[in-house]
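Reader: I would like to learn how to read cavities, pockets and helix packing in a model. Please take one topic at a time.

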Amino acid sequence: MDNYEKFIQKARENRIDPGIAEKLKTRILDATGSNAGTNYRTLMVRILFGWTEIPLLRTGMVVASFTVVLLILIQQGIIVDRIGSLESRIISTNTESILQFQKEMMHANATLVTMSDNVFSDDSIKVAGEDLLSLVRSYRELQVRYDELLEVVGEINSGDQIKKLPGRDKLKL
Amino acid sequence: MKHFNYRFLALIFIIFASCGGPDALVINTVNRDGSVDRKIILTWDKDEFNLEECQVPVDSTWSIGKVMEISEKGDTTWTLTAEKHFDSVTEINLDYTSYGGPNSKMKRKTEFLKRFRWFNTTYYFEEKIEKAIDGYPASDFFTKEELHFFYMPQSMVEELGSGSDSTMVDSILNIIEEKQDAWLGASLVKAAIDEVEYFNQFEKTNPVDIELIRSREKVFTEAISDFEGNETEMIDSIMGEGYYEKYKTVFDTSLSVMEDKFQVAVDADSYLVQCIMPGSLIATNGYIDSNSNILWNVDGESFVSEDYIMWAESTLKNRWAYIVSILFVAFVATGFVIRKLKRRGY
């Protein structure tokens with residue numbers, strides 16, 4: 001038998017599996033051109049989501065996702081709870097009314113100091129400083145309302161009626 | 001040596017809380033980078049402002065403006081507004097250390113913290129005034145509700161007192177007034193004994209029996225509010241005739257030091273502090289007004305026996321962190337969907 005016949009004999013003994021040939025053909029086609037676009041997408045998917053095939057990585061990513069979601073919920077829950085506890089500290093005033101109050105207190109204090117110069121020795125009584133301050137403020141408020149009332153009824157006359165206000169001379173207001 | 005008549009302690013605080021000079025409102029606008037825009041509003045019935053007499057450090061480096069107005073009652077009010085930008089709280093603290101005004105003996109310090117918490121960034125600002133004497137905290141004597149009114153600015157107390165809860169407010173204020181003497185008296189006694197103990201350690205020849213004095217602390221506390229005489233007579237009446245004279249060196253020094261410390265609180269010129277924080281407010285020990293600004297009252301009582309810390313905390317959402325996190329969770333979910341599709345042969 002010559003070499004040619006020996007080769008044919010060997011080829012017959014080692015036939016190629018048709019399935020493998022088909023796969024080989026597909027791979028050659030993929031690499032050379034007609035399936036090139038689909039191959040790029042497959043490659044990207046494999047790169048981005050290849051971790052899903054590795055159990056350890058898969059578990060890690062799941063745990064990380066749950067941690068992120070839990071963190072959002074816990075943080076927001078704590079913040080909402082803390083904001084809720086602020087309710088007891090809310091007041092109805094604002095900067096403007098605070099400044100207004102300061103001015104009023106300042107003028108009432110000044111009035112109190114002025115009044116201390118006009119002491120009635122005969123019928124004086126002892127009162128707490130705070131109560132007197134409150135009284136002076138009330139008097140000042142009453143004074144304004146009285147003036148407004150006079151204006152409304154049209155009886156005001158260059159301050160003549162105001163001068164007749166009881167006790168006004170003594171207090172020198 | 002100065003002699004205190006301790007009976008008039010509470011009265012001293014009430015009378016001297018707001019007499020004399022202009023009223024001050026200090027507004028701190030805290031920025032995200034830790035810088036603070038400070039604004040001080042002084043109101044007075046005369047145009048005689050002296051910046052060196054201000055309750056907080058103010059000088060000619062500030063932007064200053066003045067306005068005069070006449071109210072419907074005929075009152076003339078002068079308002080001085082001073083503004084300055086501080087790059088950090090360190091600059092404010094430096095101003096406090098070099099301040100020489102009426103509140104110069106008050107030890108004040110501000111602090112700012114920024115904490116990154118991924119989804120939120122929290123901002124913390126505080127201004128701390130160190131206690132004058134080492135007494136008892138107010139919380140040992142007052143309930144939580146009473147403390148709420150104890151530290152409340154006067155304007156707010158007045159507003160609540162004239163509202164629908166006026167009876168309740170009056171009742172609480174009366175209780176506070178009754179407890180105030182006891183609290184101040186107990187704090188002074190404790191502080192005095194602590195000072196005696198401190199200076200006693202340096203007295204080698206004739207030391208005081210500090211344990212004996214401490215065992216009589218309650219007796220001293222009960223006596224201090226009603227005793228008519230000075231501390232020499234009070235100590236002699238409790239510890240025995242001639243006791244003060246026997247240990248005069250220790251008592252003179254320690255009581256003098258204690259009185260000097262207490263005087264810091266008595267001499268404190270009161271003012272209001274307002275704070276505006278970046279983002280949403282989440283916690284504070286101040287009072288929150290209708291514009292979400294935080295308000296505190298500073299007077300001698302607030303820091304007499306414990307550190308007075310005015311603090312506020314706010315938060316800002318980090319939107320980019322939310323976006324990144326949501327994208328990450330979506331990415332993981334997508335991975336699992338693709339895996340499932342692959343297994344089904346799509």
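**Cavities, helix contacts and a pocket**

Author: The largest cavity holds about 190 Å³ of space. On a 1 Å grid over the protein atoms alone, a cavity is a set of points where a 1.4 Å probe fits but cannot get out. Grid points are joined across faces, edges and corners, and the volume is the space filled by probe spheres set on the points. The model is predicted: local features need pLDDT of at least 70 and side-chain atom pairs count only at pLDDT 80 or more, while totals for chains, interfaces and linings use all residues. Residues are numbered from 1 along each chain as its sequence is written, chains are lettered from A and ligands numbered from 1 in the order in which they are written, and side-chain values use heavy atoms, with hydrogens and water left out.

Reader: How many cavities of 30 Å³ or more does the structure hold?

Author: Three. Lining residues have an atom within 4 Å of a point. The largest cavity has 15 of them, and B:Ala192, B:Phe220, B:Met234, B:Ile235 and B:Leu255 lie nearest its centre. Two or more lining residues come from each of α5, α7 (217-224), α8 (231-239) and α10 of chain B. Helices here are DSSP runs (H or I, at least four residues) and strands likewise (E, at least two), numbered from the N terminus.

Reader: Which helix gives the largest share of the lining of the largest cavity, and how does the lining divide by class?

Author: α5(B) gives the largest share, five residues. By class the lining has 14 nonpolar, no polar and one charged residues. Ala, Val, Leu, Ile, Met, Phe, Trp, Tyr, Cys and Pro count as nonpolar, Asp, Glu, Lys and Arg as charged, and the others, Gly among them, as polar.

Reader: How are two packed helices described?

Author: By the angle between their axes and the distance between the axes. Axes are lines fitted to C-alpha atoms, for helices over the stretch in contact, and angles run from 0 to 180 degrees between N-to-C directions. For α7(B) and α8(B) the angle is about 135° and the axes are 11 Å apart. These two helices are therefore oblique to each other. Angles under 35 degrees count as roughly parallel, over 145 as roughly antiparallel, 65 to 115 as roughly perpendicular and the rest as oblique.

Reader: Is the crossing of α7(B) and α8(B) left-handed or right-handed?

Author: Right-handed. A crossing is right-handed if the near helix is turned clockwise from the far one by less than a right angle, and left-handed if anticlockwise. B:Val219, B:Phe220, B:Ala223 and B:Ile224 of α7(B) make the contact with B:Met234, B:Ile235, B:Ile238 and B:Met239 of α8(B). Contact means heavy atoms within 4.5 Å. The class count is eight nonpolar, no polar and no charged residues.

Reader: At what angle do α5(B) and α10(B) cross?

Author: Helix α5 (residues 166-200) and helix α10 (residues 248-266) of chain B cross at roughly 135°, and their axes come within 8 Å. That makes α5(B) oblique to α10(B). The crossing is right-handed. Their contact residues divide into 11 nonpolar, three polar and two charged.

Reader: What lines the second largest pocket?

Author: A pocket is an open set of points with protein on both sides within 12 Å along at least five of seven lines. Of its 22 lining residues, A:Arg89, B:Tyr151, B:Thr284, B:Asn285 and B:Trp311 are the closest to its centre. The lining divides into 10 nonpolar, seven polar and five charged residues.
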